Amino acid sequence: MLLHVMFRTAIPFGYLFIALFLGGLLLVAVTCFVLGWRTRRRSLQMMGAVLSLTVIGLITADVVMNSLVEWNPLVREDKAVLGTWLRERNFWMDFSETIILRADHSFEYHSDTEGFAGKWERYDWNLHLAAKGIDSTMRFIEYSGELRLLSHPPEDPDSWNGDPGLKRAQPHP
């Protein structure tokens with residue numbers, strides 16, 4: 001799993017604060033570089049260059065990571081989502097999940113703590129699961145050109161933690 005570097009905030013004006021902070025840091029970095037160049041202080045020049053490259057690198061990483069995610073992928077038909085979707089336990093995730101979506105609109109869900117079966121319906125990129133005592137909504141996203149399934153999607157994409165969700169293990173026969 002990739003390390004997801006993205007600026008996410010759900011607070012009002014949060015992106016404005018992030019932009020002002022990064023802009024201010026870049027201004028300080030350029031000022032340090034120019035002062036170091038004028039006074040021939042190599043350490044000040046290096047500090048300005050490193051800070052500038054760090055800010056530019058963070059902004060570039062944010063742009064690249066945001067371009068990998070499509071929150072509203074075009075899923076034309078149910079056949080595109082049939083099969084086994086899974087998340088395996090690894091260094092980053094301490095739990096595993098599996099969901100099997102069948103053509104007759106039945107499903108099976110298993111995680112480390114629970115398991116249930118029932119019926120599913122897809123509405124655009126949302127997947128609604130209904131079982132005895134269960135009423136859950138999952139969401140399909142496209143991550144790096146690949147359809148993924150978020151088992152616990154955020155209500156607001158700005159609250160997303162960067163987890164790309166379940167990966168399709170095998171299509172339904």
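Author: The contact to start with is the salt bridge between the side chains of Arg102 and Glu108, where N and O are 2.4 Å apart. The model is a predicted one. A salt bridge here needs the nitrogen and the carboxyl oxygen within 4 Å, and the pair of Arg102 and Glu108 is given at 2.4 Å. Arg102 has a relative accessible area of 24%, so it counts as partly exposed. Glu108 is also partly exposed, because its relative accessibility is 26%. The cut-off that matters for both is that buried means under 20%.

A search of the whole structure gives 5 salt bridges. Another of them joins the side chains of Glu77 and Lys79, at 3.7 Å from N to O. Glu77 is partly exposed at 41%, while Lys79 is exposed at 58%. Arg148 and Glu146 form a further salt bridge, with their closest N and O atoms 3.1 Å apart. In that pair Arg148 is buried, with a relative accessible area of 11%, and Glu146 is partly exposed at 30%.

Phe107, Tyr109 and Phe116 are linked into a cluster by ring pairs. The structure has 3 aromatic pairs by the rule used. One of them, Phe107 with Phe116, is edge-to-face, with 5.8 Å between the centres and 85 degrees between the planes. The label follows from the angle, because planes over 60 degrees apart count as edge-to-face. Phe107 is buried, at 1% relative accessibility. Phe116 is buried as well, with a relative accessible area of 16%.

Elsewhere, helix α2 covers residues 42-67, and its length can be checked. At 1.5 Å a residue, its 26 residues should span 38 Å, and the end C-alpha atoms are 37 Å apart, so the two values agree. The buried residues of α2 are Leu44, Gln45, Gly48, Ser52, Val55, Asp62 and Met65. Their cover includes α1 and β1 (69-70).

Nonpolar side chains also lie at the surface. Ile11, Phe13, Leu16, Phe17 and Leu20 make a nonpolar surface patch of about 580 Å². Ile11 is in the segment before α1, which runs over residues 14-39. With a relative accessible area of 53%, Ile11 counts as exposed.

Key:
Residues numbered from 1 in each chain as written. Predicted model: local features only at pLDDT ≥ 70, side-chain atom pairs only at ≥ 80, totals over all residues. Heavy atoms only, no water. Patch = residues over 30% accessible without salt bridge, like charges linked within 9 Å, V, L, I, M, F, W, Y side chains within 5 Å. Areas by Shrake-Rupley, 256 points an atom, 1.4 Å probe, with all protein chains shown as cover. Helix = DSSP H or I, 4+ residues; strand = E, 2+ residues; numbered from the N terminus. Buried < 20%, exposed > 50% of the residue type's maximum accessible area, 1.4 Å probe, protein only. Expected span 1.5 Å × (residues − 1). Contact = heavy atoms within 4.5 Å. Phe/Tyr/Trp six-rings, centres within 6.5 Å; stacked < 30°, edge-to-face > 60°.
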